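I am opening a notebook on a structure that is new to me, and I will write down what I look up, entry by entry.

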Protein chains: 2
Amino acid sequence: MSLTIKRILEAADILRGKAHVTPVLTSRRLNELAGNDIFCKGEHLQRVGAFKFRGAFHAVSRLSEGQLKQGLITQSSGNHAQALALAGKLHRAAVHIVMPTQAPEVKKQAVTAYGATIHWCDNRQSDRERVLEEVRAQTGAYYIPPYDHPDVITGQGTVALECLDQILDLDVVVAPVGGGGLLGGIALAIKSLRPRIKVFGAEPAGADDAARSLAKGELLPQLQPDTIADGLLTSLGEWTWPLVRDYVDGIVTVEDPAILGSMRLIWGWMKQIVEPSGSVALAAVLGEEFRSQFKGSRIGVVLSGGNVALDFFESRSNLDVP
Amino acid sequence: MSLTIKRILEAADILRGKAHVTPVLTSRRLNELAGNDIFCKGEHLQRVGAFKFRGAFHAVSRLSEGQLKQGLITQSSGNHAQALALAGKLHRAAVHIVMPTQAPEVKKQAVTAYGATIHWCDNRQSDRERVLEEVRAQTGAYYIPPYDHPDVITGQGTVALECLDQILDLDVVVAPVGGGGLLGGIALAIKSLRPRIKVFGAEPAGADDAARSLAKGELLPQLQPDTIADGLLTSLGEWTWPLVRDYVDGIVTVEDPAILGSMRLIWGWMKQIVEPSGSVALAAVLGEEFRSQFKGSRIGVVLSGGNVALDFFESRSNLDVP
């Protein structure tokens, strides 16, 4: 296992015909607002509705037949759980998901729809780890973490290869950063192939460990994250932090209202359903400082996922149709 | 002016580089649910967020310089108003929109953002006509109705040409029907070029004048429409009725809960924001009778528009982000 551009190029071969080559979306009105040419990489249209499928499928496909027979395990209530459930199903491997009992019903259903088995824990980190270890001991299942794993990171890096194929003369790429799997993989790919292109992370101000770590020059974990971008609560890890430190040009932090504002633009103007975490990169690009620094640039923005509960459909009155 | 396939082919030339060639979207899960191969023509991604731009731009582009100088007028609070406002702007023509004072704020803003002038009326048909005639008398503006006009109909028919280009071996095309401009144009195109392909209209049960007219063999207007599909309240017109009568294979009516259900599928699975009127064709295709009749077919479904108020963003609590 290693973190190299060669591994990312191999991942792209492995994902061919398995993952979607997601479209790049543009909007005249968005470009006018931003003062830039913005190219949105639509990973909300990836299988399971998020880029996570790339890393999970790549990591699973690297396992031996013997490992696959013992099954796969992870702990997540988010997009990685769905991604691993589908990746395991496609490899005919049993998948175990450790999930807090408090997780939303829609997340539970999504995982079981792919045939995975849920093992319940409570919300404490210690209990999650206890259940994870128990199931691993019983089954011998191989642990595929949500981001801090070389094959997961290099799988996510394939997003950048597609951006280079699909968008001419890119100046900047901006991707959201939570655990750093997506941003780390993208930065490794871009700086290996086209080092002139700038790479920025976009991070919620309420979970700004990447910004603080980069400023301090050492890995600082996130203690009490608080943001609507529920996919970005996690801290950088041992594999992802060095990538962010060495290859990322900067981290732009954004407040929750700006995240919701950019989400509303994407829904209203681009007619695309993107979740809050998936809207953070656009929020960063629309910030005043970023706009003045990169006026007239060609900017790739990763819309990382689109899984959001649509509960307002339950009550017709909440859906105002004029 | 005439309703011929030649006119539709000319409209496609006129629209080239002006209207978007909208993408065709597919979903594995949708195909599983439907038992068919469904190809969704994404007209919610058209300029102004609806197919209406095609007909409006085509009709305006057929006018003389002298006519354009006197300006354009229509009465609408819906997508046609936005479409004409933009089409007029692109032709440097003044645009007058007659709109009830009760129209939602978002519709007023959309029209004025394109530089059109709003003339207020009240909700009565008689008052709308009074204001329309007054402004026409004052300005000499050319009236472009929302659907009952040959150049509007043939402009909408270009949707079918793109479907034939983009989707191999189509068996059936289903489009929503309100005034019949879209369905009539599509039916004319399909039956002229590939008469073997079936064409169905999808209509809300609460505004089923097309279904009743086709059953009776004569044009029956809609008296008291009641449906969430606010773009389909209108009755067939003098130009559109003969097209529906002569070229459409049938009308499928759907109840409002089925419309909302298919809208939720499109939002949740395809991550696309489509308005209720734009979800009616999918609702028709998912109906039990249609599914059993066309099992295993390749079906083009027109998602006609995506303009829906996103008021739930105002209150964060309404947007449940798990």
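**Entry: the two domains of chain A.** I began with the domains of chain A, keeping in mind that this is a predicted model, and I found that the centres of domain 1 of chain A and domain 2 of chain A, taken over C-alpha atoms, are separated by 25 Å. The domain assignment of chain A gives domain 1 in two stretches, 5–50 + 150–303, while domain 2 covers 53–143.

I then looked at where these two domains meet, and noted that 20 residues of domain 1 of chain A are in contact with 14 residues of domain 2 of chain A. On the side of domain 1 of chain A that touches domain 2 of chain A, the elements that give two or more residues are helix H1 (5–15), helix H8 (150–156) and helix H9 (158–166) of chain A. The largest share of that side comes from H8(A), which gives six residues. Sorting the residues of this side of domain 1 of chain A by class, I have nine nonpolar, eight polar and three charged.

**Entry: chain A as a whole.** Stepping back, I recorded 15 helices and ten strands in chain A. The radius of gyration of chain A is 19 Å, close to the 20 Å that the globule rule gives for 322 residues, so I take chain A to be as compact as a globular protein of that length. Along the principal axes, the C-alpha atoms of chain A fill a box of roughly 55 × 50 × 40 Å.

I also looked up burial, and of the 322 residues of chain A, 53% count as buried. As for contacts in chain A between residues at least 6 apart in sequence, 74% of them join residues at least 24 apart.

**Entry: how the two chains are related.** I next compared the copies, and chain A can be laid on chain B with an RMSD of 0.0 Å by a turn of 180° and a shift of 0.0 Å along the axis. The two copies are thus related as by a two-fold rotation axis. Of the residues of chain A, Gln272(A) comes closest to the rotation axis, its C-alpha lying at 2.4 Å. The same surface serves both copies, since 100% of the contact residues of chain A recur in chain B.

Counting across the interface, I have 29 residues of chain A in contact with 29 residues of chain B. Helix H6 (105–113) and helix H13 (256–270) of chain A are the elements that give two or more residues to the side of chain A that touches chain B, and H13(A) gives the most, with four residues. By class, this side of chain A has 15 nonpolar, six polar and eight charged residues.

Entry: Last, I followed Phe294(B), which lies in the loop between helix H15 (288–293) and strand S10 (298–303) of chain B.

Leaving aside its neighbours within four places in sequence, Phe294(B) is in contact with Asn36(B), Asp171(B), Val172(B) and Ile299(B). I noted that Phe294(B) and Asn36(B) are 258 residues apart in sequence, yet 7.4 Å apart in space, C-alpha to C-alpha.

How values were computed:
Residues are numbered from 1 along each chain as its sequence is written. Chains are lettered from A and ligands numbered from 1 in the order in which they are written. This is a predicted model: local features need pLDDT of at least 70, side-chain atom pairs count only at pLDDT 80 or more; totals for chains, interfaces and linings use all residues. Copies are superposed by least squares on the C-alpha atoms of residues with pLDDT of at least 70 in both. Two residues are in contact if their C-beta atoms, placed from the backbone, lie within 7 Å. Domain bounds come from an automatic or database domain assignment. Ala, Val, Leu, Ile, Met, Phe, Trp, Tyr, Cys and Pro count as nonpolar, Asp, Glu, Lys and Arg as charged, and the others, Gly among them, as polar. The radius of gyration is taken over C-alpha atoms; the globule rule is 2.2 Å times the number of residues to the power 0.38. A residue is buried if 20 or more other C-beta atoms lie within 10 Å of its own, exposed if 12 or fewer, and partly exposed in between; C-beta atoms are placed from the backbone.
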